[in-house]
Amino acid sequence: AILFLLGGCMAESADRPAALPARAGSQYLEVFTQGRFQPLFIKGVNLGIGVPGTQPGELAADYDDYRTWLDQIAAFGFNTVRVYTLHFPHFYRALADHNTSAIQPIYLLHGIWLDEELPDGGLAAAGDVFDESIREVVDAVHGNKSIGQRFGRAYGDYTAGVSNWIIGWVIGREVHPVEVDQINKSDLTGTFRGAQFQITNADPFAAWITSRFDGLVGYERETYGVDRPVSFSSWPTLDPLVHPTEVESSGEDIATMDLLNIKSANAPAGWFASYHAYPYYPDFMNDDPNYAMFDDDLGLNNYIGYLTQLKSYYIGIPLVIAEFGVPSSWGNAHFSISGMHHGGHTEREQMAFGSRMIGNISQSGLAGAVFFAWLDEWWKRTWITDPLTFPRDRYRLWHDLTSPEQNFGIIGFRAAPFATADLVPVNGPAESTATIQALASGLNIWTRVPLDEITYIGLDTYDDSLGQQRYPNSRMSNLAMEFCIDVSDNTAQLRVIDTYDRFGMWHGTPATSSTGQSTDNQQAEWVEVRWLTNPQRTLATGATVPAEIDPIGKLIVRRQNDTPTSHDAVAAEGSGTRIHLPWTLLNIVDPSASQVLHDDPETIQPESLTTRGVRVEIVTTGGLVSYGRFGWDGWDNVGVVESYYKNGSDQLANILMSLPDTPASQFQ
């Protein structure tokens with residue numbers, strides 16, 4: 001066979017590809033370059049393509065998008081891209097074009113998606129369909145597949161062979177414990193003896209995975225003469241470790257995916273472990289006292305504790321953290337004792353914590369780290385915002401700044417205003433005018449009233465006849481309000497009337513004391529806007545952990561000389577004040593259809609109605625300034641969006657550049 005070296009990577013020859021472009025070593029994946037195998041520390045990024053205005057199944061990115069992203073990814077310091085499923089043919093053309101013209105290639109961790117809609121019988125009955133998907137993807141990446149048009153999945157003529165830039169397969173997805181339990185109770189056995197891989201004395205689930213490994217490696221070798229490392233996507237919920245604090249009722253420690261008994265009968269590239277691992281989930285990440293004994297130069301770091309324990313289990317097996325990161329959302333869905341939470345971070349904090357985590361992963365001697373994710377994805381749901389935002393199929397049309405899952409990207413998107421209005425005061429000084437914009441990310445208000453003169457901001461979100469007419473200090477308003485902001489020196493507290501409060505909602509359960517509607521009862525109490533991220537729980541050790549509450553209504557005030565952040569809610573700007581509030585904090589469940597929460601507490605699913613708009617009132621040290629109602633038309637497409645690097649991303653790029661691709665001198 002003739003080997004062509006392009007930028008340190010073997011290129012596929014016209015007649016026969018290289019036999020072993022990569023393999024699993026004892027600690028790292030190794031690539032064949034410059035005549036020998038060299039370990040590679042994977043500095044990767046997950047590339048989803050659910051761009052604003054689209055669902056992920058639309059795969060809307062075109063060739064130019066991919067070329068731009070790949071160029072940016074390489075310049076950022078990443079050496080690997082991970083994809084979860086087959087993309088359209090132009091992705092592979094773009095990758096081939098990028099790599100053949102680059103000094104160093106971008107490697108590919110390629111996924112093969114396991115459908116979440118399983119047939120009757122679950123995983124035990126899904127093997128044949130999954131095997132067919134495996135063969136389809138293998139053919140496609142070798143440039144040898146034509147797939148007819150289909151809905152929700154990639155198709156087309158695959159002619160660009162990228163085989164020798166694929167450093168490994170990561171097949172499957174995060175499998176849920178109930179699915180594992182079902183297959184382990186099936187008629188399948190825990191033994192599989194294939195030509196490439198074998199396993200004995202295992203659970204049927206592990207044997208089922210081993211069979212998929214065997215079929216994948218065997219098919220690619222027989223058809224294309226190539227071997228490469230394989231892995232199955234896993235997460236801490238299925239890790240093989242013992243978590244003494246976790247109770248069985250949580251469902252987080254009742255099933256495992258343990259592949260340590262796999263033997264390579266005839267698979268020279270071997271296999272590796274891959275995990276999606278974050279410092280805030282499951283609860284045992286915070287509850288296990290052993291993890292709390294670890295730290296780094298920034299303080300307590302339970303994440304290192306978990307990585308260390310997981311690595312100690314996989315002795316002699318490369319371990320890749322195939323997802324890590326924290327989001328830049330205003331809202332937080334899980335806390336971490338390390339401070340690296342599931343949200344609640346500014347963009348700069350997000351990038352600082354991402355930098356910290358990739359450092360933790362590399363210093364723990366793991367095989368690689370794959371940042372989640374390259375792009376913010378508006379279509380995504382988060383359990384904690386589900387009761388506050390609906391319907392789900394319209395998420396793609398607007399950006400929920402409070403939703404953690406929508407804000408993991410290095411690259412964010414800004415939409416042009418969908419509506420604007422210059423409002424004049426209904427009462428108050430005539431010179432106090434306001435400009436209000438409806439943005440994808442929320443309501444943006446600018447008033448001529450200086451920040452230092454503001455004591456309250458009143459907000460009537462949908463009906464003149466509903467709401468409280470007194471502020472918390474008993475001052476009368478010209479509005480009937482659902483929300484108000486109490487402005488002080490350094491913070492601003494968002495409050496809501498108690499009947500409209502959503503605090504206490506937990507995975508679909510109702511709020512603790514709320515009708516989900518505004519009210520005309522002037523006895524309504526003002527309460528702080530908060531989220532319940534975890535109710536009180538009792539550990540298996542008998543210890544009690546108090547409820548965890550996100551004070552999301554405690555807003556950031558930015559004064560004239562303060563450094564701007566991505567979470568500024570009330571800010572001095574020029575001669576006036578700008579107020580920016582995410583839609584979700586105002587119970588606006590779908591701004592693209594002008595829908596606000598107006599729930600019927602007797603039904604299971606929440607309801608909404610169309611708002612006539614939002615009225616704003618500014619309470620100053622001298623009086624009230626009330627403005628007319630601002631309404632906006634809905635939208636069914638996002639129009640023009642601008643992409644941008646998030647604030648602080650240069651810090652992440654710097655640490656990527658500082659970590660060597662070849663880790664031998666650092667760790668061996």
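In this predicted model, aspartate 386 forms a salt bridge with arginine 381. The closest N and O atoms of this pair are 2.4 Å apart. Aspartate 386 counts as buried, at 17% relative accessibility. Arginine 381 is partly exposed, with a relative accessible area of 38%.

The structure holds 27 salt bridges. One of them links arginine 612 to aspartate 464, with the closest N and O atoms 3.4 Å apart. Arginine 612 lies in the loop between β41 (608–610) and β42 (615–620), and aspartate 464 lies in the loop between β26 (454–460) and β27 (468–470), so the pair ties together parts that are 148 residues apart in sequence. Arginine 612 counts as exposed, at 53% relative accessibility. Aspartate 464 counts as partly exposed, at 42%. Another salt bridge joins aspartate 486 and arginine 495. Here the closest N and O atoms are 3.5 Å apart. Arginine 495 has a relative accessibility of 18%, so arginine 495 counts as buried. Salt bridges that share partners also build a network, and its members are Asp283, Asp287, Arg537 and Glu548.

A salt bridge requires a side-chain nitrogen of Lys or Arg within 4 Å of a carboxyl oxygen of Asp or Glu. What does the side chain of aspartate 400 make a polar contact with? The partner is the side chain of threonine 584, at 2.8 Å. Aspartate 400 lies in the loop between β20 (368–371) and β21.

Aspartate 376 is found in the loop between β20 and β21. At 1% relative accessibility, this residue is classed as buried, because buried means under 20%. The side chain of aspartate 376 makes a polar contact with the side chain of lysine 646, at 2.9 Å. A polar atom of the aspartate 376 side chain also lies 3.4 Å from the backbone nitrogen of phenylalanine 408.

The loop between β20 and β21 is also the place of alanine 373. The peptide bond leading from phenylalanine 372 to alanine 373 is cis, with omega near 10 degrees. Proline 391 is found in the loop between β20 and β21. A cis peptide bond runs from phenylalanine 390 to proline 391, with omega near 0 degrees.

Strand β21 contains isoleucine 411. Isoleucine 411 is buried, with a relative accessible area of 4%. Which residue lies 5.5 Å from isoleucine 411, C-alpha to C-alpha, although 233 residues apart in sequence? That residue is tyrosine 644.

Attention now turns to open space in the model. The second largest pocket holds about 610 Å³ of space. It is lined by 30 residues, and the closest to its centre are Leu401, Arg414, Ser441, Ser566 and His580. The elements that give two or more residues to the lining are β21 (411–415), β37 (568–573) and β38 (576–581). The largest share comes from β37, with 5 residues. By class, the lining has 12 nonpolar, 10 polar and 8 charged residues.

Two serines have a backbone angle of note. Serine 474 has a positive phi of about 75 degrees although it is not a glycine. This residue is found in the loop between β27 and β28 (476–481). At 46% relative accessibility, serine 474 counts as partly exposed. Serine 594 has a phi near 55 degrees, a positive value in a residue other than glycine. Serine 594 lies in the loop between β39 (588–590) and β40 (595–597). Is serine 594 buried or exposed? Its relative accessibility is 5%, so serine 594 counts as buried.

A further contact in space involves tyrosine 155. The place of tyrosine 155 is in the loop between β9 (145–147) and β10 (156–158). Tyrosine 155 counts as partly exposed, at 23% relative accessibility. Tyrosine 155 and histidine 87 are 68 residues apart in sequence. In space, their C-alpha atoms are 7.9 Å apart.

Notes. Residues are numbered from 1 along each chain as its sequence is written. This is a predicted model: local features need pLDDT of at least 70, side-chain atom pairs count only at pLDDT 80 or more; totals for chains, interfaces and linings use all residues. Side-chain values use heavy atoms; hydrogens and water are left out. On a 1 Å grid over the protein atoms alone, a cavity is a set of points where a 1.4 Å probe fits but cannot get out, and a pocket is an open set with protein on both sides within 12 Å along at least five of seven lines; lining residues have an atom within 4 Å of a point. Grid points are joined across faces, edges and corners, and a volume is the space filled by probe spheres set on the points. Helices (H or I, at least four residues) and strands (E, at least two) are DSSP runs, numbered from the N terminus. Ala, Val, Leu, Ile, Met, Phe, Trp, Tyr, Cys and Pro count as nonpolar, Asp, Glu, Lys and Arg as charged, and the others, Gly among them, as polar. A polar contact is a pair of N or O atoms within 3.5 Å; within protein, one must be able to donate a hydrogen and the other to accept it, and residues adjacent in sequence count only if both atoms are side-chain atoms. Buried means under 20% relative accessible area, exposed over 50%, partly exposed in between (1.4 Å probe, protein chains only).
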